[in-house]
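Hi everyone, thanks for making time.

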Amino acid sequence: MAGTGKSTISRTIAQELAEKKRLAASFFFTRGKKDVSHSGMFFTTIAAQLANSLPVLRTFISDAINNNPDIFKQGLREQWNQLILNPLKNAPTQSIQLVVVIDALDECDSMQDIQLILQLLAEAKDLETVRIKIFLTSRPEIPIFDGFRQLSGEAYQDFILHNIPLDTVNADISTFFLQKLSPLKAKHGLGTPWPDERIIAQLVERAAGLFIYAATTLRFIEDGIDGPEEQLSLVLSAAKSPLSATEHLDGIYTALLQHSVLGKRGPQECEQLAGRFRQVVGSIVVMFNIMPARNLAQLLQIPFKVVSRTLDSLRSVINIPENESQPVQLFHLSFRDFLWDSERCSDSRFLIDEKERHTSLFRKCMSHISQLEENICNLWGPGVMNTEIPNDTMQKSIPPHVQYACCYWLDHWQLGHPEEDIKTIRQFLQQHFLHWLEILSLIGEVSNGVHMIITLEEILSVSCHAH
């Protein structure tokens, strides 16, 4: 297992294994991204990649699918046994040892699925015909530890990044700062030496072994409007002697937000900017799927320039692609964790209230899906296949923010739980239920819709009994 920096390590290892033709398969969980934030496609994706990397498995996996066409809708255990374990058991003996790389298991949204995945993967140790090793990264969270504790000692070996000697980590961080800051000296015509050894030592001390601190600090220094010397001074002047590594990181996040979002504006304007921050960035950190900034503005029903200006001041912590059709996303989940922890986010102007944000997003979603109409794509007949609909027609008729609203309005209600909106839900189902199902069918989310209907039945049933 690994802590901060795990994604970079696992991707590097996966690339090296692929170059050596030893990578059997890989899966990178990412919270907030539709298909990789849950386990629904985990074993099917691994099986498909195994069939490509190990051709002798193709027949066995193909037979498993032909014998059970519904395997993609079944549980994790059935998918593991039929698509992966049994084909591996029946395959001819292979001399090469292959590796499966699984990154950020902790970002799978179901703790029960995480523990089940660990139990199932451990069964690979008994394979006799094919030698498979599994390289798995995760933050050290309790469900992960519990999952490993249930395995026999011979099934796994762990490696904790935090156990690497601090001197070794500090040396790497020092090298990182030297190599990344040096080009700024030439670019901005700064004096020599810049940065000097004392400054590098201060930065390394503040990083406290966290590469995410170093990376965030570097982006802040590079992207600041005041120039690298002034930006560096702001970093060094913040929180002189924090008590822990997390406090170092929280200090740079706080300084970054106060400087980049608020600056030296008056109290009234600061409150307005902080409100926009909570609305825009708060939505990003709780949403279930990422999207481009323009679509985010449409979902939130606010001008695009408001979203754009808010995000432009946060390029140190939010990845904003030059291509506007690409989604915006956080550079690192530690920023999200910081924003919704009142003990860590000491400036309450930036604190994100998760429940309030989910409630607000539910209402925005409901506003969009309450405008749905029959035959929204103006199809020419009832028997038209989804594959026959031009993509530009689909995108124009059902843009990303509407698709998001159709898929996740109920999730936001469950996490915000505004009881006063039950009446709104009932009205929506009475007026737009079939329109909503049509959209889910067009965007390939019927199975998700079935689960939502089952959940809705339970919610509305409880609500009826309560009243």
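This is a predicted model: local features need pLDDT of at least 70, side-chain atom pairs count only at pLDDT 80 or more; totals for chains, interfaces and linings use all residues.

Let's start with strand β2. Q97, V99, V101 and D103 point to one side of it, L98, V100 and I102 point to the other, and all of them are buried.

Who are the strand's neighbors? β2 pairs with β1 in the parallel sense, over five bridges. If you want a spot to look at, F27 has I102 of β2 as its bridge partner. Then there's strand β3, residues 131-136, which runs parallel to β2 and is joined to it by six bridges. Over there, I132 of β3 stands opposite L98.

Okay, on to helix α2, residues 42-53. How far apart are its end C-alpha atoms? They're 17 Å apart, and that agrees with the 16 Å you'd expect for 12 residues at 1.5 Å a residue. Which residues of α2 are buried? Those are F42, F43, T44, I46, A47, L50 and A51. The cover over them includes our strand β2 (97-103), along with β1 (23-28), α3 (58-67), α4 (76-90) and α5 (111-122).

Last stop, the surface. V446, V450 and I454 make a nonpolar patch of about 240 Å². V446 lies in helix α20, residues 446-466. With a relative accessible area of 45%, V446 counts as partly exposed, because that category runs between 20% and 50%.

Methods. Residues are numbered from 1 along each chain as its sequence is written. Side-chain values use heavy atoms; hydrogens and water are left out. Helices (H or I, at least four residues) and strands (E, at least two) are DSSP runs, numbered from the N terminus. The expected span of a helix is 1.5 Å times one less than its number of residues. Buried means under 20% relative accessible area, exposed over 50%, partly exposed in between (1.4 Å probe, protein chains only). Contact means heavy atoms within 4.5 Å. Patches are made of residues with over 30% relative accessible area and no salt bridge: like charges are joined within 9 Å, nonpolar side chains (Val, Leu, Ile, Met, Phe, Trp, Tyr) within 5 Å. Accessible areas come from the Shrake-Rupley method with a 1.4 Å probe; for residues, only the protein chains shown count as cover. A salt bridge is a side-chain nitrogen of Lys or Arg within 4 Å of a carboxyl oxygen of Asp or Glu. Two strands pair if DSSP finds at least two bridges between them.
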